[in-house]
Amino acid sequence: MSEKVEELEGSELGTKDYWESSYTREINNYRDHGDVGEVWFDEDSQNRIITWLARLEDEIKADDAIIDLGCGNGMMLVELAREGYSNLTGIDYSPKAIELAKAICRDQDLSIDYRVVDLMSESETSALGQFKVVHDKGTYDAISLHPEDSKTMRNHYIGSVHRLLQDNGIFVLTSCNWTESELVKSFEERFNLRTVIPTPTFKFGGKVGSVVTSIVFTKKSA
């Protein structure tokens, strides 16, 4: 029997109000101290993705369209810009997150397109066009924690990613809440598993596990 994906328990981390409040504080910290705020999960996870993408230089060109879903303070895209990628878009449903990301980008004299977009909106995501690389580190996790009907929201998210991804593109997803098998099961109707990016493992009680899972999907044909 295939594994059933059980819904996660709801949390304030899955609400817009939580993130608006969080990024309001981070904006004040940035203005007062120049602190860009936290990197969701950790910088190691971010750097692993960037290193993995850099190895695909024959497949992912510097000017290929890349989008970061739930970009937060935008630091993932800042690092990609520093690596030479030039066609970068960051979206977040939190206006305060986008305000912070734009301020950091402006102060570092970089060119990154940041927009307030709700991934649950078909019209808003369709207006963005399509991308060679769709990246998410933590946003699917947050959606999965929404206190009300997270399953429906996860399905909307999967539909949005499918619209945003070019037919020959790749979707890179990093999660701290879902296992590899759970992610494959959740996305299998619209995506094929391409690879799993190795992450640090731990051993407990004779079993080996990972703190985070970074997985790469390709788009199934319609």
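Just after α3, glycine 84 takes a positive phi of about 105°. Helices here are DSSP runs of H or I with at least four residues, strands are E runs of at least two, and both are numbered from the N terminus. Keep in mind that this is a predicted model, where local features need pLDDT of at least 70, side-chain atom pairs count only at pLDDT 80 or more, and totals for chains, interfaces and linings use all residues. Residues are numbered from 1 along each chain as its sequence is written, and side-chain values use heavy atoms, with hydrogens and water left out.

**Exercise 1. Describe how α2 and α3 pack: at what distance and angle, with which hand, and through which residues?**

Step 1: Two packed helices are described by the angle between their axes and the distance between the axes.

Step 2: get the geometry. The axes of α2 (residues 43-54) and α3 (residues 75-82) come within 11 Å and cross at roughly 35°. An axis is a line fitted to C-alpha atoms, for helices over the stretch in contact, and angles run from 0 to 180 degrees between N-to-C directions.

Step 3: list the contacts, that is, heavy atoms within 4.5 Å. From α2 come Gln46, Ile49, Ile50 and Leu53, and they meet Met75, Met76, Glu79 and Leu80 of α3. Sorted by class, this contact has six nonpolar, one polar and one charged residues. For the sorting, Ala, Val, Leu, Ile, Met, Phe, Trp, Tyr, Cys and Pro are nonpolar, Asp, Glu, Lys and Arg are charged, and the others, Gly among them, are polar.

**Exercise 2. Work out how many residues of α3 are buried, and what covers them.**

Step 1: set the cut-offs. Buried means under 20% relative accessible area, exposed over 50%, and partly exposed in between, using a 1.4 Å probe and protein chains only.

Step 2: count. Six of the eight residues in α3 are buried, namely Met75, Met76, Leu77, Val78, Leu80 and Ala81.

Step 3: find the cover. It includes α2, β1 (66-69), β2, α4, β3 and β4 (131-137).

**Exercise 3. Find which residues touch the most other members of the largest nonpolar core, and which element gives the most to this core.**

Step 1: define the set. A nonpolar core is made of buried Ala, Val, Leu, Ile, Met, Phe, Trp, Tyr and Cys residues joined through side-chain atoms within 4.5 Å.

Step 2: Among the 35 residues of the largest core, Trp52, Leu53, Leu80, Leu88, Ile112, Tyr114 and Ile170 touch the most other members.

Step 3: zoom in on leucine 53. Ignoring neighbours within four places in sequence, leucine 53 is in contact with Leu80, Tyr85, Val133 and Ile170. Another core, of 26 residues, lies apart from the largest one, and includes Tyr140, Trp178, Phe191 and Ile215.

**Exercise 4. Check the span of α4, then look at its cover and at what follows it.**

Step 1: compare lengths. With 13 residues, α4 reaches 18 Å from first C-alpha to last, close to the 18 Å expected at 1.5 Å a residue; the expected span is 1.5 Å times one less than the number of residues.

Step 2: list the buried residues: Ala97, Ile98, Leu100, Ala101, Ala103, Ile104 and Cys105. Their cover includes α1, α3, β2 (88-92) and β3 (113-116).

Step 3: step off the end. Aspartate 109 follows α4 with a positive phi near 55°, and sits in the loop between α4 and β3. Most residues other than glycine have a negative phi. Aspartate 109 counts as exposed because its relative accessible area is 71%.

**Exercise 5. Is valine 161 buried or exposed, and which residues is it in contact with?**

Step 1: locate valine 161, which is in helix α7.

Step 2: classify. Valine 161 has 0% relative accessibility, so it counts as buried.

Step 3: list partners. Beyond neighbours within four places in sequence, valine 161 is in contact with Leu69, Val134, Phe171 and Phe191. Phenylalanine 171 is ten residues away in sequence and 8.0 Å away in space, C-alpha to C-alpha.
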